[in-house]
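Welcome to a short tour of a protein model.

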Amino acid sequence: MKALVYTAERQLTFRDEPEPQPAPGEALIGIEAVGICGSDMHGYLGHDPRRRPPLILGHEAAGTVLEGPGAGRRVVLNPLVTCGRCNACLGGRSNLCAERDIIGMYRPGAFAERIALPEINLIDIPEGLSSARAALTEPAATSLHAVNLAARAAHRPLGETRALVFGGGSVGLFAALALLGHGAEVSLAEPNALRRKTAAAAGHMETFDPLAAPAPDSGFEVVIDAVGASATRAAAVAACAPGGVIVHVGLQDNDGGVDTRKLTLQEITLIGTYTYTPVDLRVSLDKLHRGAFGDLAWLEERPLGEGAGAFADLLGGRSAAPKIVLRPG
C-alpha cells in the first residue's frame, strides 16, 4: 500500500509500505481522510522523541471497514488504544490509561491507504457526513473535552465569561466555537494573519496578533492555551482574571512560563487536559453532523501524495486553513 512516511527530520516520503495485518479483534480500515495535527508537525520537526523515524504519522482519520467485524461500515477512528481494564478505563477516563497507545506514535498511523485497529475503536459515521469532515472528530473532541473541563472549574457559567483562546489551528478554533456555543464572549490570539481571517469568518469572535498587541492583563475568566509554548503559558497567566481558569491543551514545549505567584495569590485554576474520552468523540461527531460548529468552510483537502508539501506550507505559514485533510487514493 502507499503511505506517507516520516523518514527523517523534516522529511516525508510517499512510498510503498507493507500491508497491515489485523490481530484478533481488529479490523482493517481503508482510510479516506486523515488530518494533519500539530503533534504530527512536532514529530516531523524532530521535536518529539516518542515519534522516531521511519514512522507513518497521522491519527485524525475516517474511512471504511474493509475486513473484520462490520465490514462496509463508514467509521471514525478513535486513535487511543487502551487496556479497557484499569480503573481509568472502567471509570470512563480511558484517555488516562497507563497503558494507552496512539496510532502514529508507537504504532503505524493513518497517513496510509489502510490501517489495522481494534474494532472497539471504531465509531459509525452518521449518514450524509463526508469522510473529510468526519476526520475532524478527533480535534473537535480534544477541544470539547477542554471546554467541558473549563466549564466544571469556572466560578460562573461560561455564558457569563470572557474567554481567550491561544492558537488558531483546528483545536483552538474548535475551542473558540465551543465557547461561543455556550454564549461566552470570545477572543482568539493567533500570529498568522491568514488564520486570523479564517477564524473571524468562522465565528463571531475578536481575533488579534498577540505578538503585536498582547491580551489585556487579567482580562479573561477563561483562557485556553491550544499552543502550549512557554510564551503562550506566560501570556495565559497574565491574561487570566483573579479566580479564573486556564486550560492547557497544547504540547509545543515544556520550558516553563508559568507565574506560580500569580496563580497562588489570585486563586487561578490551571488544568492540564489530554485528548478526550470515547464519549467526547461520539458527541463531537454528532455536533459535526448537526452543524453545531458551523459550515466548516475552512477545511482544506489535498491528496495524500502531496502531504510533504502540505507540511511545508503549514510550517511556512502559507495556509489559511486551520486543518488540512489528506485523502489517499
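What volume does the second largest pocket have? The answer is about 350 Å³. Keep in mind as you read that this is a predicted model.

**Inside the second largest pocket**

A total of 17 residues line this pocket, and those closest to its centre are Asn78, Thr82, Ile120, Asn121 and Pro278. Several elements take part in the lining: strand S7 (80–81), helix H2 (87–90), strand S10 (122–124) and helix H9 (278–290) each supply at least two residues. By type, the lining residues of the second largest pocket divide into 10 nonpolar, 5 polar and 2 charged.

Leaving aside residues up to four places away in sequence, Ser94 touches Thr82, Ala88, Cys89 and Pro278. Ser94 is found in the loop between H2 and strand S8 (101–102). Is Ser94 buried or exposed? Its relative accessible area is 12%, and because buried means under 20%, Ser94 counts as buried.

**The overall build**

Now step back to the whole chain. The protein chain has 10 helices and 18 strands. Its C-alpha atoms fill a box of roughly 55 × 40 × 40 Å along the principal axes. How does the radius of gyration fit with a compact globule? For 329 residues, such a globule would have a value near 20 Å, and the protein chain has 19 Å, which agrees.

Of the 329 residues, 54% count as buried. The accessible surface of the protein chain comes to about 14000 Å², and 51% of that belongs to carbon and sulfur atoms. What share of the contacts with a separation of 6 or more joins residues 24 or more positions apart? That share is 68% in the protein chain.

Rolling a probe the size of a water molecule over the atoms shows where empty space is left. How many cavities of 30 Å³ or more does a search of the whole structure find? The search finds 1, and the largest cavity has a volume of about 40 Å³. Its lining is made by Asp225, Arg233, Ala236, Val237, Ile246, His248, Val258 and Leu270. Helix H7 (230–239) and strand S15 (240–248) are the elements that give two or more residues to this lining. H7 gives the most, with 3 residues. The lining residues of the largest cavity divide into 5 nonpolar, 1 polar and 2 charged.

Finally, let us follow the backbone itself. Which peptide bond is cis, with omega near -5°? The bond from Pro53 to Pro54 is, and Pro54 is found in the loop between helix H1 (38–44) and strand S4 (55–56).

Key: Residues are numbered from 1 along each chain as its sequence is written. This is a predicted model: local features need pLDDT of at least 70, side-chain atom pairs count only at pLDDT 80 or more; totals for chains, interfaces and linings use all residues. Side-chain values use heavy atoms; hydrogens and water are left out. On a 1 Å grid over the protein atoms alone, a cavity is a set of points where a 1.4 Å probe fits but cannot get out, and a pocket is an open set with protein on both sides within 12 Å along at least five of seven lines; lining residues have an atom within 4 Å of a point. Grid points are joined across faces, edges and corners, and a volume is the space filled by probe spheres set on the points. Helices (H or I, at least four residues) and strands (E, at least two) are DSSP runs, numbered from the N terminus. Ala, Val, Leu, Ile, Met, Phe, Trp, Tyr, Cys and Pro count as nonpolar, Asp, Glu, Lys and Arg as charged, and the others, Gly among them, as polar. The radius of gyration is taken over C-alpha atoms; the globule rule is 2.2 Å times the number of residues to the power 0.38. Buried means under 20% relative accessible area, exposed over 50%, partly exposed in between (1.4 Å probe, protein chains only). Contact means heavy atoms within 4.5 Å. Accessible areas come from the Shrake-Rupley method with a 1.4 Å probe; for residues, only the protein chains shown count as cover.
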